[in-house]
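Work through the exercises below with the sequence and the model side by side, and try each task before reading its solution.

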Amino acid sequence: MRLWRSVVGKLWMTILLLVSFVLFILTILLLQFFQNYFIQQVENNLLNTGQKISRILEEHESLSLGLEISREILDEETNLVIVINPNEVYYDTEITEQDFYLKDKILNDRKLNKALSANEVITKEMLLDTEYQDSVFTVGVPFSLSDERTGAVYIYQSLQVMKQTTEQTTKLIFLAAFIAIVLTTIFAFFLSTRITSPLRKMREAAFEVTKGRFETKVPILTHDEIGELATAFNQMGRQLKYQLNALNQEKEQLSSILSSMADGVITFNRDGTIFNYKPSS
């Protein structure tokens, strides 16, 4: 308990709390930044891929050839649904139960359906039902075929990979914050001890001066404000010793004068009480 009540403990805790607060705010901002950054990257990649597939389908008269080329440019984490008119639905090569579920969810979504009905480019993050426990980011890009049929390319990607990346990033950020707090604790304790060490020596010297040991000196270790304080303390000790010696000399001189006088002398304090009395010889 004595440590927390001392200057070392207070300075140490102040630095530690300040750094911890800054690291806490910085960690929250970094996590938010990385999450938004990853989502933005997923959106940009899906949008670029969706626009490429849309151009491929528009530039090729053969729909089957356009679909084959479109499937080739997809990566492993991206899924494709192509809807035409909206009766014709084409998937990528691997069709799962979740793909059928997503197709119905996409076509029934009022915002995503605008890519098919209103010829608009649409992006949206969708939360799936608790059965799948996942969320996907979906991009809808409209296109027109050479036979004047219209449709939309829906390309989507699970955000589970992004969540795993975010979790790894979060662990790294927390590890870095923990290391920073440990290093800050060591540094703050070292700094506070270094700053308060001259102050403790001056405190000990002050107790010695109160006991009449005016020759006590404080070592001057630095040339900053604490060093100037130590210099002033040493000068104060010398001045106190000089003034005390001067008072003792005056007292001895006064005593010698009084003892050599033949007449009686009475001295009074300010309150009228007798301070000293010497009878006549």
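The protein chain exposes about 18900 Å², of which carbon and sulfur atoms supply 57%; accessible areas come from the Shrake-Rupley method with a 1.4 Å probe, and for residues only the protein chains shown count as cover. This is a predicted model, in which local features need pLDDT of at least 70 and side-chain atom pairs count only at pLDDT 80 or more, while totals for chains, interfaces and linings use all residues. Residues are numbered from 1 along each chain as its sequence is written, and side-chain values use heavy atoms, with hydrogens and water left out.

**Exercise 1.** Describe the order of the elements in the protein chain.

*Solution.* Begin by counting: the protein chain has seven helices and seven strands, where helices (H or I, at least four residues) and strands (E, at least two) are DSSP runs numbered from the N terminus. Then read them from the N terminus on, which gives α-α-α-β-β-α-α-β-β-β-α-α-β-β.

**Exercise 2.** Find the largest nonpolar core and the elements that build it.

*Solution.* A nonpolar core is a set of buried Ala, Val, Leu, Ile, Met, Phe, Trp, Tyr and Cys residues joined through side-chain atoms within 4.5 Å; buried means under 20% relative accessible area, exposed over 50%, and partly exposed in between (1.4 Å probe, protein chains only). The largest core has 21 residues, and Ile53, Leu57, Ile82, Phe137, Phe143 and Val153 touch the most other members. Two or more residues each come from helix H2 (7-59), helix H3 (63-72), strand E1 (78-84), strand E4 (135-144) and strand E5 (150-158), with H2 giving the largest share, six residues. A second, separate core of 15 residues includes Leu102, Ile106, Ala115 and Ala152.

**Exercise 3.** Explain how the buried residues of H3 are arranged around its axis.

*Solution.* First list the buried residues of H3, which are Leu63, Gly66, Leu67 and Ser70. Seen down the helix axis, they fall within an arc of 100° (taken from the directions from the axis to the C-beta atoms), so they line one face of H3. The face turned away from this buried side carries the exposed residues Ser64 and Glu72.

**Exercise 4.** Is Phe21 buried or exposed?

*Solution.* Locate Phe21 in helix H2, and then compare its relative accessible area of 53% with the cut-offs in Exercise 2, which shows that Phe21 is exposed.
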